[in-house]
Structures are given as structure tokens and as C-alpha cells.
Amino acid sequence: MVHQMENNLQLLENNMDNVLKTAEMLGGAHQEARVIYAVELMSVHMEHLKRHHATVSEEMLEVRKLLHRRKGRLHSDSTDDTRPVQTFITTADTSQGQHHLTSNSV
């Protein structure tokens, strides 16, 4: 009877070891699944950031081009700009001591 109990205890110990090993493997599998999900999520986020960066870079390049064109117009002597330039002329009315500002499109 004692011998049978010792055998049963040994069998129970072996089964507990198997359960513990299986639980560790299952925990490892769950941890691996969580890591894989996190990596996939980071990958999707990285792709989103790349698209956003490309869009912002394109917009910035367009703004730079526009600023360079406008800066060039301010410093150029050419009058080939298609938009009319508005100038203001100040005239003095000496009879009443007032100055008048009039607009003139060139």
C-alpha cells in the first residue's frame, strides 16, 4: 500500500512537472503573440508616419518654391508679372493743409 502511494506521488509529481512546462510554453506563446501584435502595430504606425512625412515634405517644398518665386519677384527689375501692382500716391492739398492718399494700379 505504501509502495503504491509512493508510485502515485511520483506520478503526480511528473504530471505536475508536465503541467508546469505546458503552462510555461503556453505563457511563452501568449507573450510571443503579444509581441507580434505590437510589432505589427508599430509597423502600421511607421507606415502612417512615412506617408505623413512625405505629404508634409511635399507641402514644404511647394511653399519653399512659392517663397523663392515671390522673393525673386521682389528683387527683380522685370515687369512681366501678370498681376497688377497697386501703388499709392500722396497728394497735398495746400489750401486746407491735408494730404490725400490715392490708389493707382500699374
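Colleague: Which residues form the positive surface patch?
Modeller: Lys65, Arg69, Arg70 and Arg73 form it. Lys and Arg count as positive, Asp and Glu as negative, with His and the chain ends not counted. Patch residues have over 30% relative accessible area and no salt bridge; like charges are joined within 9 Å, nonpolar side chains (Val, Leu, Ile, Met, Phe, Trp, Tyr) within 5 Å. A charge is placed at NZ of Lys, CZ of Arg, CG of Asp or CD of Glu.

Colleague: Where is Lys65, and is it buried or partly exposed?
Modeller: Lys65 sits in helix 1. Lys65 is partly exposed, at 41% relative accessible area. Buried is under 20%, exposed over 50%, partly exposed in between (1.4 Å probe, protein chains only).

Colleague: What is the model's mean pLDDT?
Modeller: This is a predicted model: local features need pLDDT of at least 70, side-chain atom pairs count only at pLDDT 80 or more, and totals for chains, interfaces and linings use all residues. Residues are numbered from 1 along each chain as its sequence is written, and side-chain values use heavy atoms, leaving out hydrogens and water. The mean pLDDT (the predictor's confidence in each residue, from 0 to 100) is 82, and 70% of residues reach 70 or more.

Colleague: Which element has the lowest mean pLDDT?
Modeller: Strand 2, residues 98–105, at 52; helix 1 has the highest, 94. Where pLDDT is low, the predicted coordinates should not be read in detail.

Colleague: What order do the elements run in?
Modeller: α-β-β from the N terminus. That is one helix and two strands. Helices (H or I, at least four residues) and strands (E, at least two) are DSSP runs, numbered from the N terminus.

Colleague: How many salt bridges?
Modeller: One. Glu47 pairs with Lys50, the closest N and O atoms being 3.7 Å apart. The cut-off is a side-chain nitrogen of Lys or Arg within 4 Å of a carboxyl oxygen of Asp or Glu. Both residues lie in helix 1 (residues 2–75), three residues apart.

Colleague: Which residues form the nonpolar patch?
Modeller: Leu9, Leu12 and Met16, with about 320 Å² of accessible area together. Areas use the Shrake-Rupley method with a 1.4 Å probe; for residues, only the protein chains shown count as cover.
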